[in-house]
Each structure stands twice: as C-alpha cells, then as structure tokens.
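Visitor: I would like to go through this model by question and answer. Please keep to what can be read from the coordinates.

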Amino acid sequence: MNVQFKKGVLELCVLVLLDKQDRYGYELVQKISDQIEISEGSVYPLLRRLTKEGYFTTYLRESSEGPSRKYYKLTEQGREYLNKLVAEWRQFSKGVDQIIEEGMAHE
C-alpha cells in the first residue's frame, strides 16, 4: 500500500484503538498490523508526539512476560481530537469514494 496513505491514517488508527482501551506500544503495532502493513518504528514517534500534545497520558503496568510496559490512555482532549479526525475522515473518504465511482463508471 502507498506509504503516504498509511502515514495519513496511522494517527487515526492509533486514536481509535486507544478510545476502546488502554494499550502499550507493541500491542498497538500488532493490532494495526492485522489490517495494514506498517513498521513498528512508525508508531512510537507518533505516540511520543501525541502524548506531548496532551492527547494521551501514560503509565507503567507490570507484565508477566518481562519488564513493565508503558500503557497509553486517551485523554478527554484526545477524545475530542479523535472525534474531529473521524468526522474529517468520513467526509474525506466519502468524497474520494464518490470520485472513484464517477471515474470508474465512465470506463
């Protein structure tokens, strides 16, 4: 898949997944990778930036499989940002779908 497509949608995917439940970085990578091929290295800078911008808080939780894990939790500000992005995504994807349908109908 086109790298620019992935970059544009990765932030939205991370926010949506954290809206359901708190998760740690590698868990987010795995969950997204189930649907979209991404590199692990693309998620962590995004998590740092969104945390710095106040959309997530973090906390450590003990793990039975090794060292403690850093979990990310969506803040209220993050939830508002998510709702804004979802609305923008729906409008954008609807427009793209419409253009595709019109374009493909003329072939």
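Visitor: Is Tyr 24 buried or exposed, and what is its relative accessible area?
Guide: This is a predicted model. Buried means under 20% relative accessible area. Tyr 24 falls below that cut-off and is buried, at 17%.

Visitor: How many aromatic pairs does the whole structure hold, and what is the geometry of the pair formed by Tyr 24 and Tyr 71?
Guide: A search of the whole structure gives 5 aromatic pairs. In the pair of Tyr 24 and Tyr 71, the ring centres are 5.4 Å apart, with 70 degrees between the planes. Planes over 60 degrees apart count as edge-to-face, so this pair is edge-to-face.

Visitor: Which strands hold Tyr 24 and Tyr 71, and how many residues apart are they?
Guide: Tyr 24 belongs to strand 1 (residues 23–24), and Tyr 71 to strand 3 (residues 66–74). The pair therefore links distant parts of the chain, and the separation is 47 residues.

Visitor: Is Tyr 71 buried or exposed?
Guide: The relative accessibility of Tyr 71 is 9%. The limit for buried is under 20%, so Tyr 71 counts as buried.

Visitor: Which parts of the chain does the pair of Tyr 55 and Tyr 81 tie together?
Guide: Both residues are buried, Tyr 55 at 13% relative accessibility and Tyr 81 at 17%. The parts tied together are 26 residues apart in sequence: the loop between helix 3 (43–52) and strand 2 (56–63), which holds Tyr 55, and helix 4 (residues 76–105), which holds Tyr 81.

Visitor: Which residue has its charged end over the ring of Tyr 24?
Guide: Tyr 24 is linked with Tyr 59 and Tyr 71 into a cluster by ring pairs. The ring of Tyr 71 has the charged end of Arg 61 over it, 4.2 Å from the centre. Over the ring of Tyr 24, also 4.2 Å from its centre, sits the charged end of Arg 69.

Visitor: Which are the edge strands of the sheet?
Guide: The sheet is open, with 3 strands in the order 1-3-2 and antiparallel pairing. Strand 3 is joined to strand 1 by 2 bridges and to strand 2 by 7 bridges. The edge strands each pair on one side only, and they are strand 1 and strand 2.

Visitor: What is the bridge partner of Tyr 24 in strand 3?
Guide: In strand 3, Tyr 72 is the bridge partner of Arg 23. Tyr 72 is also the bridge partner of Thr 58. For Tyr 24, the bridge partner is Tyr 71.

Visitor: Within what arc do the buried residues of helix 3 fall?
Guide: The buried residues of helix 3 are Val 43, Leu 46, Leu 47 and Leu 50. They line one face of the helix, because seen down its axis they fall within an arc of 100 degrees.

Visitor: Which exposed residues does the face of helix 3 turned away from its buried side carry?
Guide: Just after helix 3, Gly 54 has a positive phi of about 90 degrees. On the helix itself, the face turned away from the buried side carries exposed Arg 48 and Lys 52.

Terms used:
Residues numbered from 1 in each chain as written. Predicted model: local features only at pLDDT ≥ 70, side-chain atom pairs only at ≥ 80, totals over all residues. Heavy atoms only, no water. Phe/Tyr/Trp six-rings, centres within 6.5 Å; stacked < 30°, edge-to-face > 60°. Helix = DSSP H or I, 4+ residues; strand = E, 2+ residues; numbered from the N terminus. Buried < 20%, exposed > 50% of the residue type's maximum accessible area, 1.4 Å probe, protein only. Lys NZ or Arg CZ within 6 Å of the ring centre and 35° of its normal. Pairing = 2+ DSSP bridges. Arc of directions from axis to C-beta.
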